[in-house]
Structure formats: structure tokens, C-alpha cells
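Please examine the sequence and the three-dimensional structure shown below. The report that follows describes how the parts of the chain are arranged.

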Amino acid sequence: SSLYTHLAGKIHTSRVTGSSFSIVCVTLSDSKEIVAMFGKRTADIMVQRISRRLAKALPKAEFFRVMDDVFVIVMDLSDRKEVSSTVISLLSALESPVVVTDTEISPSVAIGICQFPVDGESSDALFSNCLSSVFAAKREGLKWRFYS
């Protein structure tokens with residue numbers, strides 16, 4: 001609900017100013033396997049550390065944990081080249097190994113990207129299209145993908 005409230009405000013401001021922004025959906029692709037292999041507690045610690053990495057990598061962006069293994073980041077970037085560069089460095093930070101009680105886990109991440117207003121003009125449309133781009137990236141064997 002806080003994501004939708006934030007997006008509604010961001011959409012309103014962008015319409016008034018004529019600006020655009022990007023939302024990035026980050027999923028931990030192997031979270032179910034990590035729970036099965038190492039247990040829920042270890043998986044939870046890993047997700048917490050991923051959350052800290054997100055905050056450190058993108059200190060000016062707003063991010064929300066919307067499901068157990070899904071984060072949504074709202075960024076003021078609209079230039080695709082800048083967004084791509086940011087996502088590439090984010091992937092590097094998120095996929096580096098996490099050590100939890102003497103166990104090293106290398107998380108796998110898939111990322112989808114949407115931009116307001118071209119990929120949706122409502123919170124629902126943006127979030128839905130962002131998730132769709134994650135699934136398309138996974139289906140195509142990519143680490144990240146813009147919605148199209």
C-alpha cells in the first residue's frame with residue numbers, strides 16, 4: 001500500500017512538472033531453492049542483507065519490499081542509458097555472495113524496468129508492467145529487461 005501511495009504521488013508530481021521516472025522491480029530468482037537448501041531463517045537473513053545492499057547502492061531512490069523476494073525501486077532517472085548503467089551496477093552489488101553463519105550464498109537476481117508515462121500511467125499499470133518485464137527477462141535468460 002505504501003508503494004501505491006508513493007507511486008500515486010510521484011505520478012501526480014510528474015504530470016504537473018512534465019517529468020518522467022523509472023521503476024525497477026528486483027526479484028531474487030532462487031529464493032525458493034535457498035529456503036529449501038538452507039532454511040527460512042537463513043533465507044530471511046539473506047533478504048535483509050540484499051535490502052541493505054539496495055539502500056547502499058541507491059541512497060537517493062525510494063524502495064519497497066512488496067513480496068518475500070521482490071523489491072520495487074522508484075528512481076528519478078528517465079534516460080534509458082542512465083537507467084541501464086544503474087541497473088548493471090546494482091546487479092553487481094546484489095549478486096555478490098552473502099555469508100550467513102559460515103554459509104556462502106550467491107543470490108541470483110532478475111530485474112524488470114518500467115518508465116512513466118510510456119509504460120503505464122497508473123500505479124497498477126506500472127507495477128504490473130514492471131513485473132511482466134521481470135518474467136520476460138527470466139523467460140529470455142536475461143538478467144534485466146526494459147518493458148516493451
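In which sense do β1 and β6 pair, and over how many bridges? The two strands pair in the antiparallel sense, over eight bridges. Two strands count as paired if DSSP finds at least two bridges between them. Helices (H or I, at least four residues) and strands (E, at least two) are DSSP runs, numbered from the N terminus.

This is a predicted model, in which local features need pLDDT of at least 70 and side-chain atom pairs count only at pLDDT 80 or more, while totals for chains, interfaces and linings use all residues. Residues are numbered from 1 along each chain as its sequence is written, and side-chain values use heavy atoms, with hydrogens and water left out.

**The chain as a whole**

The protein chain holds five helices and seven strands. From the N terminus on, its elements follow the order α-β-α-α-β-β-α-β-β-β-α-β. The radius of gyration, taken over C-alpha atoms, is 15 Å, close to the 15 Å that the globule rule gives for 148 residues, so the chain is as compact as a globular protein of that length. The globule rule is 2.2 Å times the number of residues to the power 0.38. Along its principal axes, the C-alpha trace spans about 50 × 30 × 25 Å.

Of the 148 residues, 44% count as buried; this term means under 20% relative accessible area, with exposed over 50% and partly exposed in between (1.4 Å probe, protein chains only). Contact means heavy atoms within 4.5 Å. Among contacts between residues at least 6 apart in sequence, 67% join residues at least 24 apart.

Strands of a sheet pair through backbone hydrogen bonds, either parallel or antiparallel. In this model, an open sheet of five strands has the order β2-β3-β1-β6-β7, with mixed pairing. Strands β2 and β7 stand at the edges, each with a single partner strand, so one side of each is left without a neighbour in the sheet. Neighbouring strands are turned by 20° against each other on average, direction ignored.

| Strand pair | Sense | Bridges |
|---|---|---|
| β2 and β3 | antiparallel | five |
| β1 and β3 | antiparallel | six |
| β1 and β6 | antiparallel | eight |
| β6 and β7 | parallel | three |

F64 stands opposite V72 in β3, and I23 stands opposite V74 in β3. The bridge partner of F21 is F116 in β6. In β7, F146 is the bridge partner of I113, and R145 stands opposite G112. Strands β2 and β3 also form a hairpin, with two residues between them.

**Two covered strands**

Why is strand β3 (residues 70-75) described as largely enclosed by the rest of the structure? Six of its six residues are buried, so the description applies. Both faces are covered: V70, V72 and V74 lie on one side, F71, I73 and M75 on the other, and all are buried.

Strand β6 (residues 109-116) is mostly covered, with eight of its eight residues buried. V109, I111, I113 and Q115 point one way from β6, whereas A110, G112, C114 and F116 point the other way.

**The helices**

Two packed helices are described by the angle between their axes and the distance between the axes. Helix α2 (residues 31-38) and helix α3 (residues 40-57) pack at an angle of about 135°, with their axes 7 Å apart. Axes are lines fitted to C-alpha atoms, for helices over the stretch in contact, and angles run from 0 to 180 degrees between N-to-C directions. The two helices are therefore oblique to each other; angles under 35 degrees count as roughly parallel, over 145 as roughly antiparallel, 65 to 115 as roughly perpendicular and the rest as oblique.

In this packing, I34, V35 and F38 in α2 meet K40, T42, A43 and M46 in α3. Helix α3 also lies across β1, β2 and β3, running at about 10° to β3.

A further helix, α4 (residues 80-94), contains S84. S84 is buried, with a relative accessible area of 16%. Leaving aside its neighbours within four places in sequence, S84 is in contact with W144 and F146.
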